[in-house]
Amino acid sequence: MKPALLVIDIQQAYFKESREGAESLTKAIGVINYYIGLFRKFDLPVICVRNSEPEWGFVPGSDGYDVPESLEIQPTDLHIDKTY
């Protein structure tokens, strides 16, 4: 068994909820990117888990669904959509 990094629910929509929340997420992304780099250095998987709930507006292709550009998630990473 080898470790994997799970990046859970870091999506653009959460930056719009409040200024304080956006500032907190921005700081968190710096830390998350550090660990993404560390996992890539050791060729360990990075998994992006996104919230997908149509009743809350979280649907693929909608504004706010995707991860922020500053988050170093790559298209080749495993992407999982969860419903709760």
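Predicted model: local features only at pLDDT ≥ 70, side-chain atom pairs only at ≥ 80, totals over all residues.
Reader: What makes the pair of Tyr34 and Tyr35 edge-to-face?

Author: Rings of Phe, Tyr and Trp (its six-membered ring) pair if their centres lie within 6.5 Å, with planes under 30 degrees apart counted as stacked, over 60 as edge-to-face and the rest as tilted. The ring centres of Tyr34 and Tyr35 are 4.9 Å apart and their planes stand at 85 degrees, so the pair is edge-to-face. By this rule there is one aromatic pair.

Reader: How do you know that Asp77 and Arg40 form a salt bridge?

Author: The term requires a side-chain nitrogen of Lys or Arg within 4 Å of a carboxyl oxygen of Asp or Glu, and the N to O distance here is 2.8 Å, so the pair of Asp77 and Arg40 qualifies. This pair links distant parts of the chain, 37 residues apart, with Asp77 in the loop between strand 2 (46–51) and strand 3 and Arg40 in helix 1. Helices (H or I, at least four residues) and strands (E, at least two) are DSSP runs, numbered from the N terminus.

Reader: Why is Asp77 called buried?

Author: Asp77 has 9% relative accessibility, so it counts as buried, whereas Arg40, at 27%, is partly exposed.

Reader: Which residue forms a salt bridge with Lys82?

Author: Lys82 forms a salt bridge with Asp9, the closest N and O atoms being 3.2 Å apart. The partners are 73 residues apart, Lys82 lying in strand 3 (residues 78–82) and Asp9 in the loop between strand 1 (5–8) and helix 1 (19–41). The structure holds six salt bridges.

Reader: What makes strand 1 and strand 3 the edge strands?

Author: Two strands pair if DSSP finds at least two bridges between them, and strand 1 and strand 3 each pair on one side only. The open sheet consists of three strands in the order 1-2-3 with parallel pairing, and strand 2 and strand 3 pair over five bridges.

Technical notes:
Residues numbered from 1 in each chain as written. Heavy atoms only, no water. Buried < 20%, exposed > 50% of the residue type's maximum accessible area, 1.4 Å probe, protein only.
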